[in-house]
Amino acid sequence: MGAHEIRMRLGGISRQRVYAITSHRSFPAPLAELQQGNVWLAEDVERWIREHRPELADEE
């Protein structure tokens with residue numbers, strides 16, 4: 001999952017805000033740091049959302 005997908009998953013937040021969130025120590029480490037940007041494992045991001053933004057968590 002890239003920064004754009006995270007932005008959309010968090011309700012369309014700004015690029016600056018997603019950078020601040022993904023830089024925070026509570027956010028999972030990126031799976032890879034590519035030239036076009038970092039990518040994260042989707043399940044790690046979803047777990048973070050459930051823990052830190054439960055109102056945005058997918059209903060299962």
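Before I start, a word on terms: contact here means heavy atoms within 4.5 Å, and buried means under 20% relative accessible area, with exposed being over 50% and partly exposed in between, using a 1.4 Å probe and protein chains only. Helices (H or I, at least four residues) and strands (E, at least two) are DSSP runs, numbered from the N terminus.

What we have on the screen is a predicted model, in which local features need pLDDT of at least 70 and side-chain atom pairs count only at pLDDT 80 or more, while totals for chains, interfaces and linings use all residues. Residues are numbered from 1 along each chain as its sequence is written, and side-chain values use heavy atoms, with hydrogens and water left out.

Let me begin with the overall layout. The protein has three helices and two strands, and from the N terminus on they come in the order α-α-β-β-α. The radius of gyration is 11 Å, close to the 10 Å that the globule rule gives for 60 residues, so the protein is as compact as a globular protein of that length; the radius is taken over C-alpha atoms, and the rule is 2.2 Å times the number of residues to the power 0.38. Along the principal axes, the C-alpha atoms fill a box of roughly 35 × 20 × 20 Å. Of the 60 residues, 28% are buried, and among contacts between residues at least 6 apart in sequence, 43% join residues at least 24 apart.

Helix α2 can be described in a similar way. Its buried residues are Val18, Ile21 and Thr22, and they cover an arc of only 90° around the axis, which puts them on the same side of α2. Gln16 and Tyr19, on the other side of α2, are exposed. As for partners, the buried residues of α2 pack against α1 and α3.

Isoleucine 6 is in helix α1 and, at 1% relative accessibility, counts as buried. Not counting residues up to four places away in sequence, isoleucine 6 touches Met1, Val18, Thr22, Phe27, Trp40 and Val45. Between isoleucine 6 and valine 18, which are twelve residues apart along the chain, the C-alpha separation is 7.2 Å.

Leaving aside neighbours within four places in sequence, arginine 7 is in contact with Gly12, Ile13, Ser14, Arg15 and Val18. Arginine 7 and isoleucine 21, which are 14 residues apart in sequence, lie 10.0 Å apart in space, C-alpha to C-alpha.

Methods. Arc of directions from axis to C-beta.
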